[in-house]
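Hello,

Here is the structure I promised to pass on to you. My notes on what turned up follow just below it.

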Amino acid sequence: MKKTPIAPWTPVEAEQQGNACSVEVWDRTYTVDSDLLFTSIKSRGNEILSAPMRLVGTENGEEIVWTEQAPFIFEQDGEQATLCASAESTTFIVNTAMKVEFDGNVDIDIKIMPRGKTVYEVFGVGTPKPNEYSLDKLWLEIPLKKQYSKLFHYWPTYGHPTFEGKGIEPSDVSMSREIPSSMAMPFKCLLWLGTEEQGLTWYADSDESWEPADRKRAIEIIDGEDEVVVRFHLIDDTCKAWVPHEREAKNYTYMPISFKMGLQATPVKPFPKNPYKEKILHIDCFKKILEEYDDFLSKPVVEGTDEIGFDRIKRLGVTTLLIHEKWNKTQNYWKISEPTRKLARKIVDECHKRGIKVIPYFGYELSTLSPDFSKYRDSLRVSQTGLNGGGWYRKPNQRDYVVCFEGRYADDFVEGIKGLTEEFGFDGIYLDSTLLPCACVNEAHGCGYNTADGKRRPTYTVSALRRFMKKIYTYFEERGGVVNPHLSNCMNSPALSFAHLNWDGEYIQTFVNKNGLDAMPMDYLRTEYSARNLGVPYEFLVYTFPNWSFNDGISIALIHGMLPRPNDIGGPLEKMSGIWKAIDSFDMEGASWHPYWNNGVLAEDEKVKLSYYEAEENGKKSFLVFISNPTDGEAVCEGFSLTDKPVSVYSVDKNSEISGAIAFAPRGSDVLIVKEK
């Protein structure tokens, strides 16, 4: 019986014709045609491979030639389809399995082993081939069309690539940008290549079984004239896993070497026609509130007015309130104290009376104030130095340590959140930094592995976080809730599939504060903040520093299609209220998006950037325009043309119609409503 995937995905459809197997998921197609791995990957109707994926190797000093490739559909049920394939060379057999899930995520398992003797040869019939098991090299190569692989992103951010001919100084923004030249890097658990509209994620939980000659060059990106080839150095020299012994003449010789990894063509799901439906206020994030949240919202919050906080956020258009970490005396724990229960109930009741949703903060750590800290201690992350991650000092007095989601804590977390939501009527969950894949060597819950020389190496939590997020998303999606992680500097698409909204931007705040906005690479912003290339709407986090304000953040957020989320109930909320009203006055559902990097508008203005939505009603076009000067210098827009007909231009910032040139202060911005007359 076929299953139906959760919204918004469509059922998985797999079909086999001869030696060609194809799997259709929402807006993507994966095909294996007489081969071991994908020969075609299409995203948004575009073929992104320039040639089939390939296993390149050397056996006994000769190039491996695979024969008898025979792919077939192993199973399918509407939520997933598994393809298997086999082949052999002179010496080796290779088996592959590719499980394609409804969101386009593919779990790949590659096994290679010595061919050994046939049954007839074991019984002395026929002449067996020489037992030479020298696997001298094995590379996985993914050739991509250059037009669909101009940008890259990797995680973790330490261990930066080396570039041929061009150096990039490592920084908080160097992991996401245009490919400047060929490069090599250490093992990364996540790698994405693509454009502002689509791409391909590769990931692996560990480099177990990998034997690169140089660990600093375990992964290469080869930038060619017409294609970009990603090369994974699985084995670079004679495979150390197979050592001759007295049984080598028999047929049961040597276990297979396995390589586990994943792929996911992006975007992972349909991007909302209107990504700005939720008007979210996040209180106590960076700008701290000194009292309990219910007390704060129950009294006037702006000097000179008697309007209480709950009424203010309703009047200014807030549809969703996020309460930060202080709401829960025991940081991140789903079992809450008696004082917390009263606070939560009051906030939910007051907000729901006003039609406002409430989403509580949860994170990635376990508090020492939890009565069950010792119970879950084995689930904590352990680094290669033997130290637990984290250790934030919080109030009331406690410390918090990073949890590894491979541990039993993850499943208990899901069930705990369900119970808390049903008791208090929460409308979703906010997950702070939870989706960052951590490196862990904690044997107590199965993380890490030992190399042949006895060194302990980490495993990463990409797959574990994906499993956790799928459970959380399924629960909240079925009840109309919102799953909103905060995931900065990491394009973890396997987990972000199961998010309704992502909040990004924290890591660049320090960079901008230190270096200024002119140092911010625009290709970094286009890579990580385009959002449509992953299929999940983003909102932008803006902290307030002495030289960086909420208004400054608007200058880089809007032109990339993001709204900055106010975390201040004062001026920033008032600013966003006007922008929300302008967006709501526009026909977003019938509009098309035209970002500054491909709309051809203002090409002559180096500083000023303009992105817009275009809609048409009764034969007349209208435009919602996001325009800014995302630099540290002054700029002037002498004018722009979106249509050859006369137009009216309304400025949200000036609250009036305007004409002629527009002057922008450093980091200045505006939202314009342009209508054909």
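Which are the buried residues of α10? They are Phe550, Asp552, Gly553, Ile554, Ser555, Ile556 and Ala557. Helix α10 spans residues 550–557, and seven of its eight residues are buried. Buried here means under 20% relative accessible area, exposed means over 50%, and partly exposed is in between, with a 1.4 Å probe and protein chains only. Helices (H or I, at least four residues) and strands (E, at least two) are DSSP runs, numbered from the N terminus.

Before the rest, some background. This is a predicted model, in which local features need pLDDT of at least 70 and side-chain atom pairs count only at pLDDT 80 or more, while totals for chains, interfaces and linings use all residues. Residues are numbered from 1 along each chain as its sequence is written, and side-chain values use heavy atoms, with hydrogens and water left out.

Now the strands. Seven of them form an open antiparallel sheet, in the order β7-β6-β12-β20-β19-β16-β14. Its edge strands, β7 (62–63) and β14 (162–163), each pair on one side only. Two strands count as paired if DSSP finds at least two bridges between them. Within this sheet, β19 (residues 219–223) and β20 (residues 227–235) are joined in the antiparallel sense by five bridges, and Ile222 stands opposite Val229 in β20.

Strand β9 (residues 80–88) is mostly covered, with eight of its nine residues buried. On one pairing, β8 (residues 72–76) meets β9 in the antiparallel sense over four bridges, with Ala81 in β9 as the bridge partner of Gln76. The hairpin of β8 and β9 has three residues between the strands, and Gly78 there takes a positive phi near 95 degrees. β9 also pairs with β10 (residues 92–101), in the antiparallel sense over nine bridges; Ala87 stands opposite Val94 in β10. β9 and β10 form a hairpin too, with three residues between them.

A few backbone details may interest you. Most residues other than glycine have a negative phi, and most peptide bonds are trans. Asp27 is not a glycine but has a positive phi of about 60 degrees; this residue is in the loop between β2 (20–25) and β3 (28–33) and is partly exposed at 37% relative accessibility. Glu68, also not a glycine, has a positive phi of about 60 degrees. Glu68 is in the loop between β7 and β8 and is exposed, at 62% relative accessibility. The peptide bond from Thr266 to Pro267 is cis, with omega near 5 degrees, and Pro267 lies in the loop between β21 (257–266) and β22 (280–283). Another cis peptide bond joins Lys395 and Pro396, with omega about -10 degrees.

As for charges, there are 43 salt bridges, counting a side-chain nitrogen of Lys or Arg within 4 Å of a carboxyl oxygen of Asp or Glu. In one of them, Lys357 and Glu278 meet at 2.8 Å, N to O. Lys357 lies in strand β24 (residues 357–362) and Glu278 in the loop between β21 and β22, so this pair ties together parts that are 79 residues apart in sequence. Arg394 forms a salt bridge with Glu325, the closest N and O atoms being 3.0 Å apart. That pair links distant parts of the chain, with Arg394 in strand β26 and Glu325 in the loop between β23 (320–323) and α4 (338–353), 69 residues apart. Arg394 is buried at 13% relative accessibility, and Glu325 is buried at 12%. There is also a network of salt bridges that links Arg54, Glu141, Arg217, Glu220 and Arg231.

Finally, a look at Ser651. This residue lies in strand β41 (residues 647–651) and counts as buried because its relative accessibility is 0%. The side chain of Ser651 has two polar contacts to mention, a term for N or O atoms within 3.5 Å; within protein, one must be able to donate a hydrogen and the other to accept it, and residues adjacent in sequence count only if both atoms are side-chain atoms. A polar atom of this side chain lies 3.4 Å from the backbone nitrogen of Asp653, and the side chain reaches the backbone nitrogen of Lys654 at 2.9 Å. Leaving aside neighbours within four places in sequence, Ser651 is in contact (heavy atoms within 4.5 Å) with Ser656, Ile658, Asp670, Val671 and Leu672.

Best wishes
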